[in-house]
Amino acid sequence: MDKTVQYKRTLNGSVGAGVSALFNGKGRRYYILEHKDASKYHKAGESQKIIIDQVELGRDSSCQIRFDESFETVSRRHAAIVKEGDKWKLVQLSKTNSTLLNGRNVETEWYLENGDEIQLSIGGPRMGFIVPAGKQSLVSSIRMTERLELFRKQALRPYKTAIACLAIILVISIGGLGAWNIVEHNKWLEYQAEAKNTADSLRNGISDTNAKIIAYDARHDSINNADKERYNFLRGKTLSLSSAIGNFTAQAGIASDAALKTALKSVYYIRVEKVNITWADGSTESIVRGTKGYNSLFWSGSGFLLNDGRFITARHVVDGIKFISSLDEKSLVILNNEINNGGKVEFVFGAYSPSHSFTFTNNQCVMNSMNDKTGICEVDYDKDGIDEKYKITIADAGEADWACIYTSFKGSIIANPSISKTLKQQTKLVVLGYPNGYYADNIKALQGSCMVATDGLHNGVIVITERNFEHGNSGGPVLRVKADGTMEAIGIISAGYGDTVGFIVPISNVN
């Protein structure tokens, strides 16, 4: 095969393809590498599913298919497998050690076929290249939990050291999850205080300069040429300082005290207060918060009220019964099954802010359920060796993770749908919410922060890094600070990945 495009490791080929596999696995295919020789990192006979568009093989720690130092003829970056259209090709990277495909030397690159054998140098480790048949070759056939682990190992490994902020493990926040990182929060508060001092210093500079100008004008009724030069210098200094404050505020993501206080009044702590069930046989039951044995039904999250009367949150906060992360969540599975067999389940929520509170139900919420999937799972909850079948519906995560209620109330937060789709990389953002319900008793939202990781939207969501907020913030507002210190809502907190990365649903997605 003639060489086409020279191989180059790209962020899109690893992280970008990995994100696509997580949220759009329906049309994507994967392949399996079957290890035929034992090594420190792989057992003989081990099958390794590959869900991203490019992986590297070698002894370097950045390689997704890694071999230990005992394989002396395996180079640090020995070879790569790269997706090209609907096919995959094997690319030779090493300048000193050969790569064999079905016993033949690969000088540059060669397309792979199902059943091919790859060998890294003569006598080196061998792997079988296998493409599953039919629908089993689709990434969507892999359970989400397994996809997450594959994403962590494959999409992120090349950037583990160079880009520490890309250590991602997707955890859909169903509510009441994780603990607030006090250390990181304190770091943010210290940074904010430092930034505020800098801004105050700039403002004082402007004030002092203006005072000099006023005094100067009072002393000089007539301005000669020398005075004009001095006057223009002072005016220039004032304008420069004013511009510096605007740029500093926008770059640092620092809101004015007035803007922050105003926004906090419209950020709500949300929690399930009661669950009303109408079973398929017509009988009814109500379960209230605190009922023993039903903890999985009483989650919490955040939400916010816009100035146009729309109350916004994440869908997984109000429709958590559709976001089952484990079949061990027996109550959720049973109620989900009941809905699919003629029953009805109503969650009653309380929403609490420093200035207002109200109740609502999941049935009042407008949500996007077009891509929800319904299927059959078998679980033996009674441990009697007999699996029971449950029909459950799982909601689509990602860009559809939003919910909206049209209320008669008016909040103080203003949304900017258009800019939510065009944010630039490195834009600093402010996050408000109630992580794990903290400060809910005092009804005081915590402030966090994050930064846009890539320009615009990726698969319908805003990818963020430097995530300085925790689970329970889900559904809370993400705000962009304008040059004048005021804020506008651009998104909804959706999912957090590992310690630093996450996704935001753009406010433009809300109907």
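Mentor: Exposed means over 50% relative accessible area, buried under 20%, and partly exposed in between, with a 1.4 Å probe and protein chains only. Helices (H or I, at least four residues) and strands (E, at least two) are DSSP runs, numbered from the N terminus. The model is predicted: local features need pLDDT of at least 70 and side-chain atom pairs pLDDT 80 or more, whereas totals for chains, interfaces and linings use all residues. Residues are numbered from 1 along each chain as its sequence is written, and side-chain values use heavy atoms, with hydrogens and water left out.

H5 spans residues 257–264, and Ala259, Leu260, Ala263 and Leu264 are its buried members. Viewed down the helix axis, these buried residues fall within an arc of 130°, so they line one face of H5; the arc is that of the directions from the axis to the C-beta atoms. An α-helix has 3.6 residues a turn, so residues three or four places apart point the same way. Contact here means heavy atoms within 4.5 Å.

The setting is a protein chain with seven helices and 28 strands. Of its 511 residues, 50% are buried. Among contacts between residues at least 6 apart in sequence, 65% join residues at least 24 apart. The accessible surface comes to about 24,200 Å², with 49% belonging to carbon and sulfur atoms; such areas come from the Shrake-Rupley method with a 1.4 Å probe.

Aromatic residues form a further theme, and the structure holds 15 aromatic pairs. Rings of Phe, Tyr and Trp (its six-membered ring) pair if their centres lie within 6.5 Å; planes under 30 degrees apart count as stacked, over 60 as edge-to-face, and the rest as tilted. Phe67 and Phe71 make an edge-to-face pair, at 6.0 Å centre to centre with 75° between the planes. Phe67 counts as buried because its relative accessibility is 1%, and Phe71 is buried at 15%. Phe358 and Phe409 form a tilted pair, at 5.3 Å centre to centre with 50° between the planes. That pair links distant parts of the chain, 51 residues apart: Phe358 belongs to strand E18 (residues 357–361), while Phe409 lies in the loop between strand E22 (403–406) and E23. Phe358 is buried, with a relative accessible area of 11%, whereas Phe409 is partly exposed at 29%. Both belong to one aromatic cluster that also includes Tyr268, Trp299, Phe311, Phe347, Phe349 and Phe360.

Towards the end of this tour, consider Asn509, placed in the segment after strand E28 (501–506). Asn509 counts as buried because its relative accessibility is 18%. Leaving aside neighbours within four places in sequence, Asn509 is in contact with Glu399, Trp402 and Gly460.
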